[in-house]
Amino acid sequence: MMKFAFAVALATVVSAQNEKGQGFGDDYKWYDLETGLAAAKAENKPALVVHHQLWCGACKRLGPMFAKHAGIKKEADKFIMINCVGGVKGCDDKKWQPDGGYVPRIFFTLPSGEVVTSYKGPNDQYKYFYATPEDIAMQMGIMEEEMPSLLAQFGSDEL
């Protein structure tokens, strides 16, 4: 019986990992981490990287709000949207845990893949935690406006 329960739990996790948005909305064009970072570079677009876990309560609360938020939907086409679930290749690298491994964490990167560390959520203790989609959409809009100066600051003028 225990083997059956484990198999069902494993199948549920694998099934959820194969879902496009993994709780954060299927209407977005999602990439995995490796493919998304390559696409950001190739398309010369910034990336929004969502780090989460399928078992995380805060992730389960944020995901549906993120999925249907009009402001995020409006800005999403200007970004490479990366869905990074813990345990998936690259998602647990230390690069993505500058202030700890809590979830959800949301990062904004330049087309080069460099994290814009000045873009943080409202909580000083958990710098890359955004509790509301409004904060995320606002940060997306700010990044769009600041992109030319960010690229100049970090040595690229391509956008």
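Which residues line the largest pocket? In this predicted model, the lining consists of Asp27, Tyr28, Lys29, Tyr31, Glu43, Lys45, Lys73, Ala76, Asp77, Phe79, Ile80 and Met81. The space in the largest pocket comes to about 170 Å³, and its lining divides by class into six nonpolar and six charged residues, with no polar ones. Two elements, helix H4 (70-76) and strand E3 (80-85), each contribute at least two residues to the lining of this pocket.

**Aromatic rings**

Ten aromatic pairs are found in the structure. In one of them, the rings of Tyr28 and Trp30 have their planes at 75° and their centres 5.7 Å apart, and because planes over 60 degrees apart count as edge-to-face, the pair is placed in that class. Tyr28, which is also one of the residues lining the largest pocket, is buried, because its relative accessible area of 5% falls under the 20% limit. Trp30 has a relative accessible area of 12%, and it is therefore buried by that limit as well.

Another pair is formed by Phe107 and Tyr128, whose rings are tilted, with 4.6 Å from centre to centre and 35° between the planes. Phe107 belongs to strand E4 (residues 105-109), whereas Tyr128 lies in the loop between E4 and helix H5 (133-153), so this pair ties together parts that are 21 residues apart in sequence. Phe107 and Tyr128 are both buried.

The two pairs are set out below.

| Pair | Centre to centre | Angle between planes | Class |
|---|---|---|---|
| Tyr28 and Trp30 | 5.7 Å | 75° | edge-to-face |
| Phe107 and Tyr128 | 4.6 Å | 35° | tilted |

Ring pairs also join Tyr28 and Trp30 with Phe24 and Phe66 into a cluster. A charge is found over a ring at Tyr102, where the charged end of Arg105 sits 5.9 Å from the ring centre.

**The nonpolar core**

How many residues does the largest nonpolar core have? The largest nonpolar core has 24 residues, and those with the most contacts inside it are Leu48, Phe66, Met81, Phe108, Ile136 and Met143. Strand E2 (47-52), helix H3 (57-68), H4, E4 and H5 each supply at least two residues of this core, and H5 gives the most, with seven residues.

Key: Residues are numbered from 1 along each chain as its sequence is written. This is a predicted model: local features need pLDDT of at least 70, side-chain atom pairs count only at pLDDT 80 or more; totals for chains, interfaces and linings use all residues. Side-chain values use heavy atoms; hydrogens and water are left out. On a 1 Å grid over the protein atoms alone, a cavity is a set of points where a 1.4 Å probe fits but cannot get out, and a pocket is an open set with protein on both sides within 12 Å along at least five of seven lines; lining residues have an atom within 4 Å of a point. Grid points are joined across faces, edges and corners, and a volume is the space filled by probe spheres set on the points. Helices (H or I, at least four residues) and strands (E, at least two) are DSSP runs, numbered from the N terminus. Ala, Val, Leu, Ile, Met, Phe, Trp, Tyr, Cys and Pro count as nonpolar, Asp, Glu, Lys and Arg as charged, and the others, Gly among them, as polar. Rings of Phe, Tyr and Trp (its six-membered ring) pair if their centres lie within 6.5 Å; planes under 30 degrees apart count as stacked, over 60 as edge-to-face and the rest as tilted. Buried means under 20% relative accessible area, exposed over 50%, partly exposed in between (1.4 Å probe, protein chains only). A charge sits over a ring if NZ of Lys or CZ of Arg is within 6 Å of the ring centre and within 35 degrees of the ring normal. A nonpolar core is a set of buried Ala, Val, Leu, Ile, Met, Phe, Trp, Tyr and Cys residues joined through side-chain atoms within 4.5 Å.
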